Every structure is written in C-alpha cells, then in structure tokens.
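Thank you all for making the time this morning. I would like to walk you through one structure, starting with its charged side chains and then moving on to its aromatic rings and its helix packing.

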Amino acid sequence: MALTFWYEFSSTYSYLSALRIEDAAKAAHVPVVWQPFLLGPIFKASGYGGSPNLMSKEKASYMWTDAARRADQRGHPFQRPLPFPQNSVLAARAAIALPPAKRPRFSKAIFAEVFANQRDIADPAVIVQAAATADLDAEAVLANGRSSEARAALFAAVEKAQELAIFGAPTFITSDHALFWGDDRLEDALAWEASGSQPDAR
C-alpha cells in the first residue's frame, strides 16, 4: 500500500505539495513513492502549446497570486521562477536515476532552486548545487542524470503517466488506481489510501 506522488519540477503546485507531503503522509500513516515525470509531452499530446495555466493572462495572474498566497500561509518562500516554464528534463532524469529513498530530499532541493532561489534547473551547475544541498554525491547525481538509463526511465515514466490518464501535476495515484489532481487534493488522496477505499461499483 502506497500513494504515488507524480510531480514535475516546473509545476508551481508540485512545489507546494513537495514541501508538505511527507508530514501529511506520516500523520495519515501512508507511505509515499515520489515519481518525477514531464508534463510537456502530455500537454503536447493534448493539443496545448504550453502550460494551460498560461493560456490567458487572467489565469496566469491568478496562479501566481494563489501560489504565493498558499506558500505564505504555510511559511514557505516563493518567487516566480525565471524562466517559466523551466526546462526540467535534466533535473527529472537526475531524480529518477536516484534510489527512491533519496528522491525526496533531492527533489525538494531542486524545487527550492526553482521557486525560492529563481535559478534555472536546465543549468547543470544548479543540479550539482541541489545535489550538494541534499547531501548527495553531486557529480555522480549529474552523471547518472545524463545516462541513457535515466533517459529511458524518464521516457517510461511519461508513458506510464499517459496510461494512468494523468493530465497535470501534482497528481496522486492510490494503490487502487484512484486519481487525485492538485495540491488541494493531497489530503483527500491520503485519506482514500489510508481507508483502502474502492470506487462504488453500484
């Protein structure tokens, strides 16, 4: 039994969930699997030219206001990333190449670079810094992220996300394949997983 946390490093709301999911999951007695992936191919397959949150200036303005407000309420730093959306391919490959137990602290360090420090995670030096912050072998993290194995693993993760009908991030998938989308659905996903709920077939 575990809840799978699907996140994208360029996703504003994935950042918000990454900062609180461990404490929330511990309180709910639910183990969590951290699963990085890319939204770009999913958006492209759906006919979007980019993030749906940027399709209108009104929606984009609301997203930045809402994210900043949520972060402030929780006592977390938040700055609009530069650039946005970020090219998160290298960061996602580096994360997916790590053993699952090491992904959370590295991923949180990457998110901090994006949303607290306004650094560009397409820059290998930023990946190295995040790995060092997470007390990992920084050069090994970068090298593994550049490997063919990491490239294949990330490609497979995107394919799996599409199979699961994931369309945004963060998405939480329960062990019985229930899908919950958005930072504001984290508690619902944890409660579902903790109760072992199944869809009502009647």
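Are D66 and R70 buried or exposed? Both D66 and R70 are buried, where buried stands for a relative accessible area under 20%, exposed for over 50%, and partly exposed for what lies in between, computed with a 1.4 Å probe on protein chains only. Before I go on, please keep in mind that this is a predicted model, in which local features need pLDDT of at least 70 and side-chain atom pairs count only at pLDDT 80 or more, while totals for chains, interfaces and linings use all residues. Residues are numbered from 1 along each chain as its sequence is written, and side-chain values use heavy atoms, with hydrogens and water left out.

Let me stay with D66, which forms a salt bridge with R70, the closest N and O atoms being 3.2 Å apart; by salt bridge I mean a side-chain nitrogen of Lys or Arg within 4 Å of a carboxyl oxygen of Asp or Glu. D66 and R70 are 4 residues apart in helix α4, and so they are separated by about one helical turn. Helices here are DSSP runs of H or I with at least four residues, strands are runs of E with at least two, and both are numbered from the N terminus.

D66 also forms a salt bridge with R69, with 3.5 Å between the closest N and O atoms, and because these two are 3 residues apart in helix α4, residues 57-73, about one helical turn separates them as well.

Another salt bridge joins the side chains of E113 and R119, at 3.5 Å from N to O. Here E113 counts as buried, at 5% relative accessibility, and R119 as partly exposed, at 31%.

E113 brings us to the helix packing, because E113 is one of the α6 residues, together with F106, A109 and I110, that meet V126, I127, Q129, A130, A131 and T133 in α7, contact meaning heavy atoms within 4.5 Å. The axes of α6, residues 103-115, and α7, residues 124-133, come within 8 Å and cross at roughly 130 degrees; axes are lines fitted to C-alpha atoms, for helices over the stretch in contact, and angles run from 0 to 180 degrees between N-to-C directions. The two helices are therefore oblique to each other, given that angles under 35 degrees count as roughly parallel, over 145 as roughly antiparallel, 65 to 115 as roughly perpendicular and the rest as oblique.

Turning to the aromatic side chains, a search of the whole structure finds 17 aromatic pairs, a pair being two rings of Phe, Tyr or Trp (its six-membered ring) with centres within 6.5 Å, and with planes counted as stacked under 30 degrees apart, edge-to-face over 60 and tilted for the rest. Ring pairs link F5, Y7, F9, Y15, W34, W64, F78, F84, F111, F115 and F172 into a cluster.

Finally, where is S11 found? S11 lies in the loop between β1 (3-7) and α1 (12-18), and S11 is buried, with a relative accessible area of 7%. Leaving aside its neighbours within four places in sequence, S11 is in contact with F111, F115, A169 and P170.
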